[in-house]
Amino acid sequence: MANPFLGVLLHATGGFAAGSFYLPIKKIKAWSWESAWLTNGIFAWIVAPLAVSLITVPETWSVLQQAPTQSLLNTFLFGLLWGIGGLTFGLALRYLGISLGMALALGLTAAFGTLIPPLYDGEFGALMQTTSGQLVLLGVGVCLLGIAICGRAGWLRDKNREKSKIAEGIKDSNLVKGVVVAFFAGIMSSCFAFGMIAGQPIASLSVQYDTPSLWQNGPVFIIILWGGFCANFIWCAFLNVKNKTYTNYADTQTPLRKNYLFAAVAGVTWYCQFMFYGMGSTQMGEHDFASWTLHMAFIIVFSTFWGLVTKEWKGSGKQIKYTLAAGLSVLILSTIIIGLSNQIATV
């Protein structure tokens, strides 16, 4: 039986992991971005999902061997598209800055990832006919409002800084390009949610092997993240060759052991977001499509928390911090609304 409040708690745990994983990456010294990102990716997209699935779903290889070929292919392709979305997401931050780019890109990702699946399945009209469905849609709207308020707080913070610092932080500022790229990144990044849908036959096979429902998505993540890894590997390898940074991986002039350790910690932490996301989605009942919105909301909440801890908001005025607090409060309210809607749906 579904347990919506447990689902929200699990999504919150996943959001905490997603909002925290970049902290270890900041500890990597004397490596290029592409070397650090690819090493982190090997642990995040290959090692961790495979290890967790083998532990929680002992028959993982049997599940994957028996899974429908079309399901495997579609799941992989959506993972590949999601991986491309992750790369273009970084470009959106380059044009818009971290605060505005994060809010816009994640807001679009939340909207597309939550609303397109029921539209695609022809279930959107049915949702509008039920109280629980209407509450979920209200929760999605409130979530997007909260993301917009957080983005506003970030924009005010950047505006409050010295002009020289703004120029340094958003060197290639371009609103038009940024909005276009963020729109593209939002669509592509939402493909993770579609990958979960395409992988449902794989998850069903896991259950047939007596896998607890909480862990049934483990083999699905393996396929999605393999697709994501391929997209990131191609780009990072290209940058390694172009910038001649492929020597980083064995450069004894850098703190190799610490760099690999921090990359591994970051990668495993990053994967935990989807491990808990998969667990949470099994508890959300008939409105599981709202899981993606919750995931995005919690990422922003916890990434903002770490921004405060690391003094990214130092020097901001009280009004800016009040705006930030308002945005976070609205995001939390959205999770309560969605959790309540699922409770109503399971009564």
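This is a predicted model: local features need pLDDT of at least 70, side-chain atom pairs count only at pLDDT 80 or more; totals for chains, interfaces and linings use all residues.
**View 1. The largest nonpolar core.** Start here to meet a core of 59 residues. F192, W270 and L331 are the members that touch the most others. Helix α13, which covers residues 218-243, gives the most to this core, with eight residues. Another core lies apart from it and has six residues, including V8, M284, F298 and I338.

**View 2. The surroundings of L331.** Which residues does L331 contact, once its neighbours within four places in sequence are left aside? The contacts of L331 are C143, G146, I147, C150, A297, I300 and V301. Remember that L331 is also one of the residues touching the most other members of the largest nonpolar core.

**View 3. Helix α12 packed against helix α13.** Two packed helices are described by the angle between their axes and the distance between the axes. For α12 (residues 200-208) and α13, the angle is about 145° and the axes are 8 Å apart. The crossing of α12 past α13 is right-handed. On the α12 side, I202, A203 and S206 make the contact, while P219, V220 and I223 make it on the α13 side. Sorted by type, the residues of this contact are five nonpolar, one polar and no charged.

**View 4. Helix α15 and the residue after it.** Follow α15 along residues 291-309, a run of 19 residues. From its first C-alpha to its last, α15 reaches 27 Å, close to the 27 Å expected at 1.5 Å a residue. After α15 comes K311, with a positive phi near 65°.

Terms used:
Residues are numbered from 1 along each chain as its sequence is written. Side-chain values use heavy atoms; hydrogens and water are left out. A nonpolar core is a set of buried Ala, Val, Leu, Ile, Met, Phe, Trp, Tyr and Cys residues joined through side-chain atoms within 4.5 Å. Buried means under 20% relative accessible area, exposed over 50%, partly exposed in between (1.4 Å probe, protein chains only). Helices (H or I, at least four residues) and strands (E, at least two) are DSSP runs, numbered from the N terminus. Contact means heavy atoms within 4.5 Å. Axes are lines fitted to C-alpha atoms, for helices over the stretch in contact, and angles run from 0 to 180 degrees between N-to-C directions. A crossing is left-handed if the near helix is turned anticlockwise from the far one by less than a right angle, and right-handed if clockwise. Ala, Val, Leu, Ile, Met, Phe, Trp, Tyr, Cys and Pro count as nonpolar, Asp, Glu, Lys and Arg as charged, and the others, Gly among them, as polar. The expected span of a helix is 1.5 Å times one less than its number of residues.
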